[in-house]
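Morning, everyone. I will take the sheets, then a pair of helices, then a single residue. The structure is coming up now.

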Amino acid sequence: MLRLAGQLEEIHCPKGRYILKAGNVERSVFFVRKGIVRAFIEHGGREITFWFGLEGAAVVSLKSYVNGQPGYETVECLEDTSLYVLRRDALEKLFLEDINIANWGRKFAESEFLSTEEKFIPMLFTTASERYRDLLKNRPELLQRVSLECLASYLGVTAQSLSRIRAGIR
């Protein structure tokens, strides 16, 4: 893994900076060292947040990384953020040269798929109040670091509905 660490470049991005922009091709993988980012899509004139990445999270546009096609998501820094950047060509070379790194990549992909499944399947059958309670229980740090509007969008409700949900839980 020392070889992997040797390929990382650290960058610093201010709050509000986009790491990925919808419609662009980005072939690098980013790892959040410090800070928080959100991924969103624009739909009907609104930004719909579907993911938050805190320290340790990986940021990648799979459509860009895998297929070399423009991504659909924009990723924005919600705080001043430090990231490690890993270029695709360097990672692909390491995958070919080191089975341990290739296995790490496979395990990483499996973990990301599972995380996506755990997020989106409950959206089909839970209420907004249940999703908010789950957020309180499993990701309370988001409540301190993310705006009400972003949280509401993430939960699939308006900011006003989220305010009512929060008042009802208190």
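Two strands count as paired if DSSP finds at least two bridges between them. Strands here are DSSP runs of E with at least two residues, helices are runs of H or I with at least four, and both are numbered from the N terminus. What you see is a predicted model, in which local features need pLDDT of at least 70 and side-chain atom pairs count only at pLDDT 80 or more, while totals for chains, interfaces and linings use all residues. Residues are numbered from 1 along each chain as its sequence is written, and side-chain values use heavy atoms, with hydrogens and water left out.

Lys-34 has Ser-82 in β8 as its bridge partner.

Another open sheet of four strands runs β2-β7-β4-β5, and its pairing is antiparallel. Its edge strands, β2 (18–20) and β5 (46–53), each pair on one side only. From one strand to the next, the twist averages 35°; axes are lines fitted to C-alpha atoms, for helices over the stretch in contact, and angles run from 0 to 180 degrees between N-to-C directions. Strand β4, residues 37–43, pairs with β5 in the antiparallel sense over seven bridges, and the partner of Arg-38 in β5 is Phe-52.

Which strands does α7 lie across? They are β4 and β5, and α7 runs at about 90° to β5. Contact here means heavy atoms within 4.5 Å.

Now the helices. α7 (residues 148–155) packs against α8 (residues 159–169) at about 90°, the axes being 8 Å apart. The two are therefore roughly perpendicular, the term for 65 to 115 degrees; under 35 is roughly parallel, over 145 roughly antiparallel, and the rest oblique. From α7, Leu-148, Leu-151, Ala-152 and Leu-155 meet Ala-159, Leu-162, Ser-163 and Arg-166 of α8.

Last, Gln-160, which sits in helix α8. Is Gln-160 buried or exposed? Its relative accessibility is 52%, so Gln-160 counts as exposed; the cut-offs are over 50% for exposed, under 20% for buried and partly exposed in between, with a 1.4 Å probe and protein chains only. Gln-160 and Glu-149 lie eleven residues apart in sequence, with their C-alpha atoms 9.1 Å apart in space.
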